[in-house]
Amino acid sequence: MQYLKMLPYQVREAIEKNTPVVLPLGVIEYHAEHLPLGVDMFVAQNIIDRVEARRPELVVLPPFYYGCASNAVAKAEGHGTLNVDSEKIIPIAEEIFSSLLKVGFRNIHAFVAHQTEEFYQGMPTDLAFRFVARHSIMEHLEKAAGEGWWGTEKYSAYYSGSNNPFAWIQVHPVRFKEETARRFKGDHSGLLETSETLAMYPELVEMDRIDDSLWYARTAKDATAEYGEAALSASADDMEELLFGE
């Protein structure tokens, strides 16, 4: 269910049922000479769309495109990367998450498909959203319940894993299961991302433009739509299980 198309009563129903709310995160970044700039966002959105097709009650927020891509892969000039510093992202992300909490959602998940190889240490885009998730929750709780909220009897079951408000907003890589990440090894413009784009938008991939001088793109020559479809499908299965517990 696309958030922009929801009527207010549907919002209230989603809140009452604690329906998962998902935010696709990505960046606009140079992906070698043979791939489009939006690969990361396309991957995150496609996986979420697959889950929504099976679970139409899933609330899907408009995507956030303008992440911290950096210019580590190539200079911006003539290559297309749009880089927004993570310090500039933080206030925007905080407004997004704070607003979602104020609306009443308590089952919010953001999924990112950029620089996820270092996710548990953190990269600028996911770190900005992860920091804001915690800060927004803390701020909301102090406003709603006052200082000392955690020390009240209401949260006595916190360490048992129940009644944990910090689960209200979570940020994940699109391939968060170790088994899936091992099976479909992350890359940049190589075998995996090229295969995924072939599966999603074959008309946007120009295989004859693969530049062998770019070390990170050399494996792209072995890409197939079938491999990309398998990767996207596996990630969608994992995401559905995470969100709906089945």
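Which residues are buried in helix 4? Select Thr 125, Asp 126, Ala 128, Phe 129, Val 132, Ala 133, Ser 136, Ile 137 and Leu 141, the buried residues of this helix. The model on screen is predicted.

Next, show helix 4 as a whole, residues 124-145. At 1.5 Å a residue, its 22 residues should span 32 Å, and the C-alpha atoms at its ends lie 31 Å apart, which agrees. Step just past the end of helix 4 to Gly 146, where phi is positive, about 85°.

Return to the buried residues of helix 4 and display what they pack against: strand 1 (21-25), helix 3 (86-103), strand 3 (108-112) and strand 4 (169-173).

From these, select strand 3. Five of its five residues are buried, so strand 3 is largely enclosed by the rest of the structure.

Which residue of strand 3 stands opposite Leu 25? Select Val 112 to see that position. Strand 1 pairs with strand 3 in the parallel sense, over five bridges.

Move on to strand 4. Strand 3 and strand 4 also run parallel, joined by five bridges. Pick Ala 110 and look for its bridge partner in strand 4, Val 171.

To finish, show strand 1, strand 3 and strand 4 together with helix 4, whose buried residues pack against these strands.

Note on methods: Residues numbered from 1 in each chain as written. Predicted model: local features only at pLDDT ≥ 70, side-chain atom pairs only at ≥ 80, totals over all residues. Heavy atoms only, no water. Helix = DSSP H or I, 4+ residues; strand = E, 2+ residues; numbered from the N terminus. Expected span 1.5 Å × (residues − 1). Buried < 20%, exposed > 50% of the residue type's maximum accessible area, 1.4 Å probe, protein only. Contact = heavy atoms within 4.5 Å. Pairing = 2+ DSSP bridges.
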